Amino acid sequence: MDALIETDAAVLSTALLAWWERHGRGGIPWKQLPGGVRPAPEQDLDPYGIWIAEVMLQQTQLAVALPYWMRWMEAFPTVEELAAASLDQVRLQWQGLGYYSRARRLHEAAQLLVGRAWPHTLGEWMVLPGIGRTTAGSILSSAFNLRLPILDGNVKRVLARLKAHPRPPARDDALFWCWSEALLDSVRPRDINQALMDLGATLCTPRQPDCHRCPWQSHCAAYAAGDPRLWPVTEALKPLPFQAIGVGVVINADGEVLIDQRLEEGLLGGMWEFPGGKQEQGETIETCIARELKEELGIAVTVGTELITVDHAYSHKKLRFVVHLCDWVSGEPQPLASQQVRWVRPDDLGNYAFPSANARIIEALLGSLESSAHS
Ligand code: SF4
């Protein structure tokens with residue numbers, strides 16, 4: 001055990017809990033008993049809502065996840081109802097949250113959880129799809145007040161600053177787990193974990209740490225060093241690769257548009273989208289769209305005017321979607337590179353789950369159709 005943490009853990013925990021009782025975030029429905037009260041150590045919370053929330057929060061901030069969680073709990077209030085829903089219904093509820101494989105894994109895990117008692121060990125949770133150690137620890141400590149540490153992005157940042165740790169946290173995972181565990185109060189592990197997350201989310205924020213209100217200021221090595229924003233130390237960043245994507249919004253004589261459903265594997269698996277693909281070197285976007293639609297759907301189109309350009313950054317690449325309206329000329333659309341293709345009326349597009357870049361395309365399409373109806 002690290003000397004500083006070993007000596008100070010009890011002091012740090014006590015100060016953190018005292019701060020949290022007055023300033024911790026309230027209004028997190030899955031962390032409260034019915035009626036909005038924080039649970040006492042001996043009281044359990046419903047693991048179902050906590051599990052859904054924890055998976056949503058893996059890549060998403062609380063304020064964004066909260067309305068999704070509320071809608072989700074209305075649509076699938078129990079694990080039984082989630083297990084019985086179709087994957088398409090589940091994806092529709094997830095639409096807009098990103099990292100869509102999380103929705104599929106929740107659905108898969110629901111099939112494994114239904115009809116049995118809620119697991120009470122890390123191992124039982126970690127064999128479920130989409131659950132790592134920090135998610136499992138957070139579910140178990142939140143629901144059953146078990147003494148298990150967490151190590152999400154907020155906690156790593158706070159601990160890296162507390163210690164002014166000289167290397168990126170990912171390189172010293174075991175050490176960070178050790179620090180997080182050392183802080184766990186034996187009576188209130190649930191509250192300590194929540195307090196750590198709240199400290200990272202409200203005071204020890206990435207760009208503007210508010211050290212003067214922080215209960216750990218007098219213990220914090222990064223504060224003492226002058227500029228806490230220099231921690232956590234990061235790996236040197238490589239610029240993200242960039243790729244232009246030509247996209248065709250193909251309209252037939254009945255005014256329907258063509259969409260396809262991606263294969264289940266890979267990024268955005270199972271989501272619906274407008275067809276298209278990567279622009280090759282030396283190719284115009286119009287040629288790219290015509291080629292992609294021929295290769296992926298077996299159809300010939302006339303590529304018309306540009307509808308919209310949407311820039312979208314993923315964690316590992318930047319994409320620019322250049323979208324053109326197209327007229328269908330010939331060939332029955334076939335799912336040569338997707339699960340299925342479908343002609344749909346533009347006002348039915350809301351019934352399909354699209355990634356967020358496509359949501360802007362739909363908005364532009366509906367706007368363009370409306371203005372041409374009025375012209
Ligand atoms: S003193 Fe500042 S840098 Fe240190 S833990 Fe508190 S908010 Fe973070």
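**Exercise 1. Domains and their contact**

*Solution.* Step 1. This is a predicted model.

Step 1. Count the contact residues. Domain 1 contributes 10 residues and domain 2 contributes eight residues.

Step 2. Assign the domain 1 side to elements. Helix H5 (87-94) and helix H6 (101-113) each provide at least two residues of the side that touches domain 2. H5 has the largest share, with four residues.

Step 3. Sort that side of domain 1 by class. It holds four nonpolar, four polar and two charged residues.

**Exercise 2. Nonpolar cores**

Find the largest nonpolar core and say how many residues it has. Then trace where its residues come from.

*Solution.* Step 1. The largest nonpolar core contains 62 residues. Among those with the most contacts inside it are Ile 52, Ala 53, Val 249, Val 250 and Val 301.

Step 1. Look for the main contributor. Helix H2 (residues 47-56) gives the most, seven residues.

Step 2. Check the domains. Domain 1 (3-230) and domain 2 (242-374) each supply at least three residues to this core.

Step 3. Separate off the other core. A second core, of 27 residues, includes Leu 12, Ile 150, Leu 151 and Leu 159.

Step 4. Zoom in on Val 250. Skip its neighbours within four places in sequence. Val 250 then contacts Val 257, Leu 258, Leu 293, Val 301, Cys 326 and Trp 328.

**Exercise 3. Strand pairing around E6**

Work out how strand E6 (residues 318-330) pairs with strand E1 (residues 242-251). Repeat for strand E5 (residues 300-313).

*Solution.* Step 1. Start with E1. E1 and E6 run parallel, joined by 10 bridges.

Step 1. Asp 327 in E6 lies opposite Ile 251.

Step 2. Turn to E5. E5 and E6 are antiparallel, and 11 bridges link them. Here Asp 311 has Arg 320 of E6 as its bridge partner.

Step 3. Apply a general rule when reading side chains. In a regular strand, side chains alternate between the two faces of the sheet.

**Exercise 4. The ligand shell**

List the closest residues around the ligand and sort the shell by element and by class.

*Solution.* Step 1. The ligand is surrounded by 14 residues. The closest are Cys 204, Cys 211, Cys 214, Cys 220 and Pro 228.

Step 1. Helix H9 (153-163) and helix H12 (221-225) are the elements that give two or more residues. H9 has the largest share, three residues.

Step 2. Sort by class. The shell has 12 nonpolar residues, one polar and one charged.

**Exercise 5. The whole chain**

How many helices and strands does the protein chain have?

*Solution.* Step 1. The secondary structure comprises 14 helices and seven strands.

Step 1. Along the principal axes, the C-alpha atoms of the chain fill a box of roughly 75 × 50 × 40 Å.

Step 2. The chain has 375 residues, of which 38% count as buried.

Step 3. Keep the contacts between residues at least 6 apart in sequence. Of these, 67% join residues at least 24 apart.

Terms used: Residues are numbered from 1 along each chain as its sequence is written. This is a predicted model: local features need pLDDT of at least 70, side-chain atom pairs count only at pLDDT 80 or more; totals for chains, interfaces and linings use all residues. A nonpolar core is a set of buried Ala, Val, Leu, Ile, Met, Phe, Trp, Tyr and Cys residues joined through C-beta atoms within 7 Å. A residue is buried if 20 or more other C-beta atoms lie within 10 Å of its own, exposed if 12 or fewer, and partly exposed in between; C-beta atoms are placed from the backbone. Domain bounds come from an automatic or database domain assignment. Two residues are in contact if their C-beta atoms, placed from the backbone, lie within 7 Å. Ala, Val, Leu, Ile, Met, Phe, Trp, Tyr, Cys and Pro count as nonpolar, Asp, Glu, Lys and Arg as charged, and the others, Gly among them, as polar. Two strands pair if DSSP finds at least two bridges between them. A residue is near a molecule or strand if its C-beta atom, placed from the backbone, lies within 6 Å of it.
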